[in-house]
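Please read them with the structure open.

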Amino acid sequence: MALEVIHKKLIQLCAPNDLPSPGELQSTFEEFGAALDKLNEIENGIGQPLLNSTETDRLGQLSELRQHVASASGGFVRSCIGFANFGLQGVGLRAEEDVKAGQLLLKVPRSQMLTHTDALLCPAWRAVHLSDDPMCQRMPNACLALYLLHHLSLGPASPHSAYLKCLPTGIAPVCLSSTPTVYRRLSIQPTVRERILIELRNTCRQYLYFYRLFSQIRSTSSDANLLPLAKSGCFTYAAYRWAVSMVMSRNNAVPKPGNNGDGLSNNGTGTELALVPLWDMGNHRFGQMSTDYSQEDSCLVFYAMEDAPAGSQLYFMYGRRSNADFFLYSGFSLEPGENPYDTADLRLGLNPKDRLIEAKTRQLQALDWRDLSYSTCQCPIQSSRACWHSLA
């Protein structure tokens, strides 16, 4: 009964599609925090959590994962790759001997990845028609998070158990934290706070949706026993939030497989989300893109981005992202001036009572302002953006 009350409260908090005013954001976070803390308290008391409460010996587990990937068909892990804890950067890849830029370091075959296609083809999911669910089909990030939990619920029987044991138990993306004090202390752009709220709402909506879906599966499907995740008390918000954070902070896009007659492929065109063991242990540094995908071998291929002496960290570039994106989805931010691709989201607007608003609107649209309330600006600010100050 208490769980139903909290679920109804979360439904109310997630219902609005519009964003609160900047002055109301903190009180909204306070409400979310109180409701989610109560939800975690209740679910911890009625179920058996999938996650351990303490960090495992990840460095030791990574050695096991290394052997697992290297022994897979098509897999390759160069002997110079090691693992170490790099303080604030966390666990990462370490060069055990001198490495030269462009040197092949890692090949991870598709069989070792967890992908959106794998989830939809999972026999246990098909038995209970979970593969036919609209959210699983149309929201790859949510589907992959659920698939990650599915394998976690299988325990040692999962073919990906070596990978699962190496994943961190903490929540990296700031946007998934439910602690109101975190938001209160963040000195960030108002638009970033809004993006945090959007991600928090989306995660809660997905949790509520899947919770109801598993309840229906338990009551209507004779094959529900094939899906351990659907057991009462197994699927919790804490577990789902963790899985979403793993997908959010560690995913990569890989080409879709060719047509295998399963009705789910796209003739080898397009990409899909995937979790890639070992490769996702690398930390970020700007440089040359050094990750590729071999269609011939169906492998993700990782090359050394730069020369690295023995004992140093092996980095790769995550992509051209803003500091806000790194902060929200990867859990870190760069110092001012370190990110050549940094941008700032500005929420701008015209006075609706201005007698010249129609003329100003046409002028801004002629300058490629498609959204008059939202803009991404780079430094220095482009002339097309600077003109807003003159018109407004």
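1. Helices (H or I, at least four residues) and strands (E, at least two) are DSSP runs, numbered from the N terminus. The model is predicted: local features need pLDDT of at least 70, side-chain atom pairs count only at pLDDT 80 or more, and totals for chains, interfaces and linings use all residues. Residues are numbered from 1 along each chain as its sequence is written, and side-chain values use heavy atoms, with hydrogens and water left out.

2. The largest pocket has a volume of about 1,200 Å³. On a 1 Å grid over the protein atoms alone, a pocket is an open set of points where a 1.4 Å probe fits, with protein on both sides within 12 Å along at least five of seven lines; lining residues have an atom within 4 Å of a point. The volume is the space filled by probe spheres set on the points, which are joined across faces, edges and corners.

3. Which residues are closest to the centre of the largest pocket? Among the 47 lining residues they are Gly282, Asn283, Tyr318, Ser330 and Phe332. Two or more lining residues come from each of H11, strand S6 (251-255), strand S8 (283-284), strand S9 (291-294), strand S11 (313-316) and helix H12 (323-330). S6 gives the most, with 5 residues. By type, the lining holds 23 nonpolar, 16 polar and 8 charged residues (Ala, Val, Leu, Ile, Met, Phe, Trp, Tyr, Cys and Pro count as nonpolar, Asp, Glu, Lys and Arg as charged, and the others, Gly among them, as polar).

4. The whole structure has 15 aromatic pairs. Rings of Phe, Tyr and Trp (its six-membered ring) pair if their centres lie within 6.5 Å; planes under 30 degrees apart count as stacked, over 60 as edge-to-face and the rest as tilted. Tyrosine 207 and phenylalanine 235 are stacked, at 5.8 Å centre to centre and 20° between the planes. Tyrosine 207 is in helix H10 (residues 190-220) and phenylalanine 235 in the loop between H10 and helix H11 (237-250), so this pair ties together parts 28 residues apart in sequence. Both residues are buried (under 20% relative accessible area; exposed is over 50%, partly exposed in between, with a 1.4 Å probe and protein chains only). They also belong to one aromatic cluster, whose members include Tyr209, Phe210 and Tyr240.

5. Phenylalanine 326 and phenylalanine 332 form another stacked pair, 5.0 Å centre to centre with 25° between the planes. Phenylalanine 326 is buried because its relative accessibility is 0%, whereas phenylalanine 332 is partly exposed at 25%.

6. Helix H3 (residues 58-71) has 14 residues and should span 20 Å at 1.5 Å a residue, which agrees with the 20 Å between its end C-alpha atoms. The expected span is 1.5 Å times one less than the number of residues. Arg58, Leu62, Leu65, Arg66 and Val69 are the buried residues of H3. They cover an arc of only 110° around the axis, so they lie on the same side of H3; the arc is that of the directions from the helix axis to the C-beta atoms. Gln67 and Ser71, on the other side of H3, are exposed.

7. Please check the backbone at two residues. Histidine 129, a residue other than glycine, has a positive phi near 65°; this histidine lies in the loop between helix H5 (123-127) and helix H6 (134-138). Serine 298, in the loop between S9 and strand S10 (299-303), has a positive phi near 55°.
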